[in-house]
Amino acid sequence: MCGGNQGPCHEGEQVCSRGIPLRGLLNLAILTLIKDKTVYGAEIHRVLKEKFNVDAPKPVIYGLLRKMEYFGFITSKWDVEGGGPARRVYKITEEGLEYLNSSLKSLRDAKKVIDLILAEDEKGGWLMDAIEAVDLQKKFGNVTAVNSVSFKVKEGEIFGFLGPNGAGKTTTIRMLTGLLKPDRGYAMIMGYNVIDEPIKAKMLVGVVPEEANPYPDLSSWDNLVLVGRLYGLSGRDIKDRASKMLKLLGLYDIMDRKAKNLSKGQRQKLLVAMALINNPKVLFLDEPTGGLDVLSARMIRELILELKRNGVTVFLTTHNVEEAGALCDRIAIIKNGRIVELGSPDELKIKVGAYTYVTITFNRALEGRELVFLEPCEYKVQASKLLIVCSKPVEAIVKAVEFAKEAGLEILDIRISSPTLEDVFVKVAKGE
Amino acid sequence: MLKRVWAICWKDIKLYYAKGPIVVTGVLFPIFLWIAFYAGRGLDLREGLGSLITLTLLFTASSVTPIIAPWETRQRTLEMVLSRPITVRLMLIGDILASTIFGLIFVIPLIVLGIILNIMPANMFLTMVIVLLTAVGLSSLGIMFSALPTDTPADAVLLSSSIKLPLIFVSGVLVPITQLPTWILPITLLSPITYPTDFLGLQYLGNGFLPSYLDLTVTTLFTLAFTILALKLHEKTMLVRLQRR
């Protein structure tokens with residue numbers, strides 16, 4: 001993390017407290033630099049402070065990503081430093097700096113800049129999609145494992161990917177992480193095409209694959225050193241981060257133990273440590289808590305939430321539906337290679353029409369009584385308990401109260417169980 | 001890029017090469033095989049040093065490379081590595097580098113032993129060049145064998161052994177080329193270790209079957225061909241290998 005600032009960043013990159021990378025507000029920072037002692041710079045600085053809680057941005061080098069058209073008046077003063085069409089990094093030239101200096105002659109220009117930037121912020125335009133999958137398809141022989149899968153994941157989001165076994169989750173992750181080449185479509189990670197620019201994309205990514213292991217004959221430490229070197233980290237960085245990760249995950253005292261001698265939970269934690277050693281911006285977790293004990297699973301979940309607070313984007317596949325509901329901002333449900341539902345957990349519950357369970361306990365048994373008033377809701381009688389499955393619980397309760405009055409019954413207890421994500425998942429998986 | 005290659009090289013050395021059985025196989029097997037053919041005929045080290053060097057390279061530089069990819073496929077560590085910022089190509093270059101280093105570690109003492117015993121090659125620089133080229137070429141040959149999209153190391157070892165072992169007998173390593181039957185000559189000329197063997201014979205004994213420039217050129221071409229083929233074959237089969245898992 002950048003010293004003193006929140007959020008992930010590359011060296012020299014700053015972020016504001018909302019976790020929005022300042023590269024998206026790059027012009028503001030440069031303008032502030034240039035105009036620091038003028039009224040125009042003060043105005044911009046005020047907006048930075050008020051709107052984005054940024055204090056005195058430090059000198060930055062890189063230009064605005066992807067939105068240069070909004071600052072067309074200065075595009076000619078920028079050298080393209082790198083990146084493909086979807087992600088262009090610009091470095092302002094000396095000439096450009098002079099041009100900026102001379103072009104902001106009035107407060108009106110400064111306001112124009114501010115308005116543009118605020119408008120973009122409203123639209124969320126400054127936030128690059130961390131993951132973008134477009135029409136991904138993958139076939140194995142005659143079997144289409146993934147069929148026209150498209151979605152976007154915003155930076156800092158925890159995105160869940162649920163589906164029954166064989167739905168295409170792992171194949172999708174493998175395409176997103178560059179292990180498999182899609183037969184159709186493409187995937188972008190932080191603006192880098194995974195197939196065309198795999199190294200650049202993977203440098204920003206940490207992966208805990210479901211079907212992968214650390215080297216069993218290397219110690220935890222050596223596994224971390226290996227991965228650190230693959231990410232191009234310096235020896236000192238590897239040592240610092242490896243120590244930090246091992247301590248965080250409770251593996252420090254056994255760092256010299258060979259991976260084959262670790263328990264399943266410890267091996268899983270080691271894989272997580274290996275995925276985090278490079279401070280990734282995007283983390284792919286394929287069944288990270290599978291087979292773990294309760295404490296270890298909880299620790300991983302808390303770590304995921306901590307990563308989100310630090311602005312890391314997490315792509316999570318899991319069979320634990322409730323875990324997905326508790327962690328994820330949005331969930332995609334995949335079935336037979338296609339995304340069938342996508343939304344936040346609450347949206348899915350409403351959209352899919354999962355039902356609420358109402359349990360009413362009466363003071364006497366209900367057997368033999370006609371309960372037609374509850375139709376079309378489904379219901380079940382168990383002695384003095386009435387279990388109602390309905391989409392409108394309040395209506396059902398009102399009807400039950402009226403019934404109780406007419407029948408001379410007393411209601412002892414009413415319980416409402418909200419639909420769970422598991423209900424949603426089962427409904428979708430069964431194709432209801 | 002170099003850091004990534006070195007990471008793989010370091011991993012291979014730690015996992016595969018710095019192991020007793022590999023070291024013993026790399027040292028003992030060629031030495032005893034050489035002894036069986038040379039000492040038994042009353043020939044001294046000078047007459048067989050070139051062959052011993054080639055034999056040692058054959059058994060060290062291509063001993064482990066055939067099994068790395070299948071073994072790591074089975075262990076599910078290959079996917080773990082390839083999900084990091086490294087390409088298949090760089091990974092294989094790291095494997096070739098480790099194998100080359102391993103081969104050189106066992107061959108250089110032989111050359112030094114020769115120097116101590118006043119058995120000097122005519123041109124030390126060119127000798128080292130061909131030793132290095134042969135080490136890289138044989139390492140790449142081993143990598144080629146492992147391109148089979150299998151997770152059973154024995155499959156690759158079988159393929160490797162069935163090609164390597166006959167090469168020993170047709171390449172002038174144990175039996176001089178001039179003493180081989182004429183009908184074997186076409187096979188001899190197709191063998192990649194014929195040329196370094198012949199070149200080293202020329203360097204240490206002053207006589208060779210082929211001109212030295214031809215030995216150097218063909219060795220270089222074989223090395224380039226094996227390296228390119230190894231990289232291409234693996235790039236083609238790697239995804240099949242991962243898909244099967």
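A:Asp135 lies in strand β3 of chain A. The model is predicted. Most residues other than glycine have a negative phi, and most peptide bonds are trans. Against that background, the phi of A:Asp135 is near 50 degrees, a positive value in a residue other than glycine. A:Asp135 counts as exposed, because 12 C-beta neighbours fall inside 10 Å. A:Glu287 likewise has a positive phi, of about 55 degrees, although it is not a glycine. The position of A:Glu287 is in the loop between β9 and α10 of chain A. With 20 C-beta neighbours inside 10 Å, A:Glu287 counts as buried.

**Overall content of chain A**

Chain A contains 14 helices and 16 strands. Among its 432 residues, 42% count as buried. Of the contacts in chain A with a separation of 6 or more, 65% are between residues 24 or more positions apart.

**The antiparallel sheet around β3**

Strands of a sheet pair through backbone hydrogen bonds, either parallel or antiparallel. Strand β3, residues 129-140 of chain A, belongs to an open sheet of 4 strands with the order β4-β3-β6-β7 and antiparallel pairing. At the edges stand β4 and β7 (192-193) of chain A, each with a single partner strand, so one side of each is left without a neighbour in the sheet. Helix α5 (residues 169-176) of chain A packs on this sheet and touches β3, β4 and β6 of chain A. The direction of α5 makes about 120 degrees with that of β3(A).

On one side, β3(A) pairs with strand β4 (residues 143-154) of chain A. A:Phe140 has A:Val143 of β4(A) as its bridge partner. The hairpin of β3(A) and β4(A) has 2 residues between the strands, and in it A:Gly141 takes a positive phi near 65 degrees. β3(A) also pairs with strand β6 (residues 184-189) of chain A. Within that pairing, A:Ala133 has A:Ala187 of β6(A) as its bridge partner, and A:Glu132 stands opposite A:Met188 in β6(A).

Strand β8 (residues 205-208) of chain A runs parallel to β9(A), and A:Val205 stands opposite A:Val282 in β9(A). β9(A) also pairs in the parallel sense with strand β10 (residues 313-317) of chain A, where A:Asp286 stands opposite A:Thr317. The chain crosses from β9(A) to β10(A) through helix α10 (residues 294-309) of chain A, and this β-α-β crossover is right-handed.

| Strand pair | Sense | Bridges |
|---|---|---|
| β3(A) and β4(A) | antiparallel | 8 bridges |
| β3(A) and β6(A) | antiparallel | 5 bridges |
| β8(A) and β9(A) | parallel | 4 bridges |
| β9(A) and β10(A) | parallel | 5 bridges |

In soluble globular proteins, nonpolar side chains tend to be buried together. The largest nonpolar core here has 142 residues, and those with the most contacts inside it are A:Ile189, A:Ala273, A:Val282, A:Phe284, A:Val314 and A:Leu316. Helix α6 (residues 88-116) of chain B gives the most to this core, with 11 residues. A second, separate core has 8 residues, including A:Ile360, A:Leu386, A:Ile388 and A:Ala400.

Not counting residues up to four places away in sequence, A:Val282 touches A:Ala130, A:Ile131, A:Ile189, A:Met190, A:Leu204, A:Val205, A:Thr313 and A:Phe315.

**Contact between the chains**

Chain A contributes 26 residues to the contact and chain B contributes 22 residues. On the side of chain A that touches chain B, the elements giving two or more residues are α6 (198-203) and α7 (220-230) of chain A. Of these, α7(A) gives the most, with 5 residues. The residues on this side of chain A divide into 17 nonpolar, 3 polar and 6 charged.

**A loop residue of chain B**

B:Leu117 has its place in the loop between α6 and α7 (124-145) of chain B. B:Leu117 is exposed, with 12 other C-beta atoms within 10 Å. The C-alpha atoms of B:Leu117 and B:Thr25 are separated by 25 Å, and the two residues are 92 residues apart along the chain.

How values were computed:
Residues numbered from 1 in each chain as written. Chains lettered and ligands numbered in written order. Predicted model: local features only at pLDDT ≥ 70, side-chain atom pairs only at ≥ 80, totals over all residues. Core = buried A, V, L, I, M, F, W, Y, C linked by C-beta atoms within 7 Å. Contact = placed C-beta atoms within 7 Å. Nonpolar A, V, L, I, M, F, W, Y, C, P; charged D, E, K, R; others polar. Pairing = 2+ DSSP bridges. Axes fitted to C-alpha atoms, helices over the stretch in contact; angles between N-to-C directions. Right-handed = clockwise from strand over helix to strand, strands pointing away.
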